[in-house]
Amino acid sequence: MSAYTTKETVKLLFKSIITRLENKKLVLFMPQNRNAIVDEAYHVLAPFVLSEEDLREMAMSKVKSKSDALTDAGASEHQQYRTAKNMLREEPLTENELNGFYFQESLKAVSDRVSTFLMKSKNVEDVFGSDEEIGLAVVDIIKKFNPRDLH
């Protein structure tokens, strides 16, 4: 069973990616820019990595939009939420789940986005790894990142 993930957990995933790529000497940036890079990565990449919190918010939004029909059918709020969450889980947005993260693209596509982000970020001074090398490292970091280890 995966840990309950939040928007903050997604941000911690990006922080881990940036830190580990720096430790592997694949990227270079000024230490004082680390938080700016993590914030920028989160802003650019978070739409492609959803958390349980994101799914809950989407489910609740769906419940609100369908609440009249469900209320007319006599469903409790808890039943409405479960129905909406099950509907979301059946949608493609939950296909690529790993450790409580819901990737909206394959891990390779997300890692390609990370590489592109690093090349374009004004806060990153240099990128030493090839796209393939960075991509493999990012996929490995994502696979090893477990939110349960944060507690």
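Two strands pair if DSSP finds at least two bridges between them. Helices (H or I, at least four residues) and strands (E, at least two) are themselves DSSP runs, numbered from the N terminus. In this structure, β3 and β4 run antiparallel and are joined by three bridges.

The model is predicted: local features need pLDDT of at least 70 and side-chain atom pairs count only at pLDDT 80 or more, while totals for chains, interfaces and linings use all residues. Residues are numbered from 1 along each chain as its sequence is written, and side-chain values use heavy atoms, with hydrogens and water left out.

**Sheet**

The open sheet has three strands in the order β2-β4-β3, with antiparallel pairing. β2 (49-50) and β3 (96-98) stand at the edges with a single partner strand each, so one side of each is left without a neighbour in the sheet. Tyr-102 in β4 stands opposite Glu-97. Strands of a sheet pair through backbone hydrogen bonds, either parallel or antiparallel.

**Nonpolar core**

A nonpolar core is taken here as a set of buried Ala, Val, Leu, Ile, Met, Phe, Trp, Tyr and Cys residues joined through side-chain atoms within 4.5 Å. Buried means under 20% relative accessible area, exposed over 50%, and partly exposed in between (1.4 Å probe, protein chains only). The largest such core has 32 residues, and those with the most contacts inside it are Phe-14, Ile-17, Leu-21, Val-49, Leu-118 and Ile-142. At least two residues of this core come from each of α1 (7-23), α2 (34-45), β4 (101-103), α5 (107-120) and α6 (131-144).

Contact means heavy atoms within 4.5 Å. Apart from neighbours within four places in sequence, Leu-21 is in contact with Leu-26, Val-27, Val-114, Leu-118, Ile-134, Ala-137, Val-138 and Ile-141. Ala-137 is found in helix α6 and is buried, with a relative accessible area of 9%. The C-alpha atoms of Ala-137 and Arg-20 are 8.6 Å apart in space, although the residues are 117 apart in sequence.

Ser-111, in helix α5, is buried at a relative accessible area of 2%. Not counting residues up to four places away in sequence, Ser-111 touches Gly-135, Val-138 and Val-139.

**Aromatic rings**

Rings of Phe, Tyr and Trp (its six-membered ring) pair if their centres lie within 6.5 Å; planes under 30 degrees apart count as stacked, over 60 as edge-to-face and the rest as tilted. The structure holds three aromatic pairs. Two of them are listed below.

| Pair | Centre to centre | Angle between planes | Type |
|---|---|---|---|
| Phe-14 and Tyr-42 | 6.5 Å | 70° | edge-to-face |
| Phe-101 and Phe-103 | 6.4 Å | 55° | tilted |

Phe-14 lies in helix α1 and Tyr-42 in helix α2, so their pair ties together parts that are 28 residues apart in sequence. Phe-14 counts as buried at 2% relative accessibility, whereas Tyr-42 is partly exposed at 22%. Phe-101 is buried, with a relative accessible area of 2%, and Phe-103 is buried at 1%. Phe-101, Phe-103 and Phe-145 form one aromatic cluster.

A charge sits over a ring if NZ of Lys or CZ of Arg is within 6 Å of the ring centre and within 35 degrees of the ring normal. The charged end of Lys-11 sits over the ring of Tyr-42, 5.9 Å from its centre. The charged end of Arg-113 sits over the ring of Phe-48, 3.7 Å from its centre.
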